[in-house]
Amino acid sequence: MPDAPEASIPAASQRGGYSAEARMDSPSAEAGVPAFRHSRLQRLADRWARLGFLACSLLVVGLIGGILFFLATRGLAAFLPLAGNTGRVLSFSEVFLSADWAPSSDRFGILPFIAGSLGVTGLALLIAAPAGVLTGVFIAKMAPAWMRNLMRQVMDLLVGIPSVVYGIFGLTVVLPLVSRTWLEDAPASGFAVSALILAVMIVPTIVSLSTDAFESLPSSLDEGAQALGSSRWQAIWRVLIPAARPRLLTATVLGLGRAIGEAMAVQMVIGNNPQWIALMRESTDRAPFLRALFTPAATLTTELVQELPNTAAGSTWNNVLFAMGLLLYLLTMVLILATRRLGRGREA
Amino acid sequence: MKIRFLAQTILAGLLVAGAAQAQTVTVMGSTALGPIVKKAAEDYMKAHPGVQIAVSGGGSMTGLNQVTSGGCHIGISDVFATPDQEKAGVKNHNIVVQPFTLIAHPGVGVKSLSAQQAEQIFTGKVSNWQEVGGKNQKIVRVIRPESSGTRAVQKKTILHDQEFAKDVLIQDSTGAVVTSVATTPGAISFVELEHLEKNKARVAGIAYNGVACSNETVKSGKYPVFSYGHAYTNPAKLGDPKVKQAVEGFLAFILSHDFQQNVLKAGYLPVDYVKSLKTKL
């Protein structure tokens, strides 16, 4: 480290380090612009700043690693006889392949929650993905400029609404409305309303990202299609959407990630019944699919948010809940990796 | 003036130093019992400047776990200790009485249920209000999650330890339960009495065996559905005799006649109201 003398405060350090850069800059220095030089103080600050940034990034990595380690040890405690584990050691099949959830009676099948999470997320995507992508086309390719700006701002605002607000809205407005209008006062809690609320929550994400996707397409695609005589609809359907497809998939997967991890809003409207699969089996309804839409059900996140704070640490029940958390983490990881994959497909 | 100010400063400094040496008692657990215990702590600290009492939440189970392992001095809880925790030496003190009542959507057309009817509704043997003298309408059972203290009380008192029906709606908090019952035709649930009193305009109270839940009916022994708020200690983990003394003093204060009159304002009943009853809840 070529140390400059102690007295070399900025004005006096004309002959300090970094001489190569300084000499390259010297013509401009003569033209009255100060030369690009680092004082000893600045270099010291640089070094400390670098250490600071490094510490911050290590902290973040450490935190994420720590959470994963915590989740993994607590979650795997359900299946392995680890130290400090007071609960029963379970087999994978009685947890992942059983639909019978009755923790007080020592039965821990989490299939209803897995099926519930996948079901409600899938339904939400069925509603949100087409709506979001088509809105994206509209904003990027059809709307006049003032409307485009307005829509973008509205979408950004919608992303910021806390999920509990959606939940209260669902519980106090949507559920009674659906029940009164279509179900002859039978309760409306279940997949249908939860998926609807989730769809409303994730549409802004999908819209924002697909708008970006369409705006980033070269205008030559659109123009070329129209020059060849295609209608507006044909250009969108045959040219623009296929061209933007990798990024549209990324948008959808990000929406999916938000939907599968959502707990509060879903918890307030889904009915949280862990016995829903057994209930469906017993029912003799003629339209089982329609019935399933309005059967109170439960998901991984809703069960976690309801039971985790109230179960004794180290008990079998608590361990299985952590295993559910670990499963959710892994599902989200897979989704993120899938997003990366899809995103890379664009450049190829 | 200056001398007075100086004297005040020194006095304040001495007080702070004194507080730093004070016995600190930590209380953790039930968020439902938190406010009333906090009130007790404030009153107690006023009367005993040498004692600091810190009350924090975490939930009934956290309180029990922590007191068992020695992580806090007093664990407050809505539920009973598990046999394992009892074996570890955890000692129960009932500090308040919590009355519970059945509530329903105002349109169900039923004002009272017999104990048997209530049991059959929640176990699933009865599924239409018509079968218990009401409208021809499906019964929607709204209950709390499996780990909830309220649900444990309901299972013991109303269901006599039988399993709940499979066809249920589950809500996480009493507030959500009340909203759900108010907005779902045919809904029935089970909540603390104070939540019925706060929401009389939205939900209807249902009498149990012809007796409506109230402080008076609980006191007279006519109304049997209530639970205790518990404070647990683990005497083996209270090493320091001074801490032990402070803990015992605080618990005695909560159970004193004067403070027990205060719990009425918070929606609870004094423990001695029902001392004659031997229900284990």
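The legends below describe close-up views of a predicted model.

Local features need pLDDT of at least 70 and side-chain atom pairs count only at pLDDT 80 or more, whereas totals for chains, interfaces and linings use all residues. Residues are numbered from 1 along each chain as its sequence is written, chains are lettered from A and ligands numbered from 1 in the order in which they are written, and side-chain values use heavy atoms, with hydrogens and water left out.

**View 1. The contact between chain A and chain B.** Chain A brings 31 residues and chain B brings 21 residues to the contact, where contact means heavy atoms within 4.5 Å. Together the chains bury about 2200 Å², with 53% of it on carbon and sulfur atoms; buried area is the accessible area (1.4 Å probe) that two parts lose on being put together, summed over both. Of the area that chain A buries against chain B, 22% comes from A:L171, A:P187 and A:N310, more than from any other three residues.

**View 2. A salt bridge across the interface.** The rule finds 1 salt bridge between chain A and chain B, a salt bridge being a side-chain nitrogen of Lys or Arg within 4 Å of a carboxyl oxygen of Asp or Glu. The side chains of B:K166 and A:E282 meet in a salt bridge at 3.1 Å, N to O.

**View 3. Strand β1 of chain B.** In strand β1 (residues 23-29) of chain B, 5 of the 7 residues are buried, that is, under 20% relative accessible area (1.4 Å probe, protein chains only); strands are DSSP runs (E, at least two residues), numbered from the N terminus. Strand β1 of chain B runs parallel to strand β2 (residues 51-58) of chain B, and 7 bridges join them. B:V27 stands opposite B:V55 in β2 of chain B.

Methods
Buried < 20%, exposed > 50% of the residue type's maximum accessible area, 1.4 Å probe, protein only. Helix = DSSP H or I, 4+ residues; strand = E, 2+ residues; numbered from the N terminus. Pairing = 2+ DSSP bridges.
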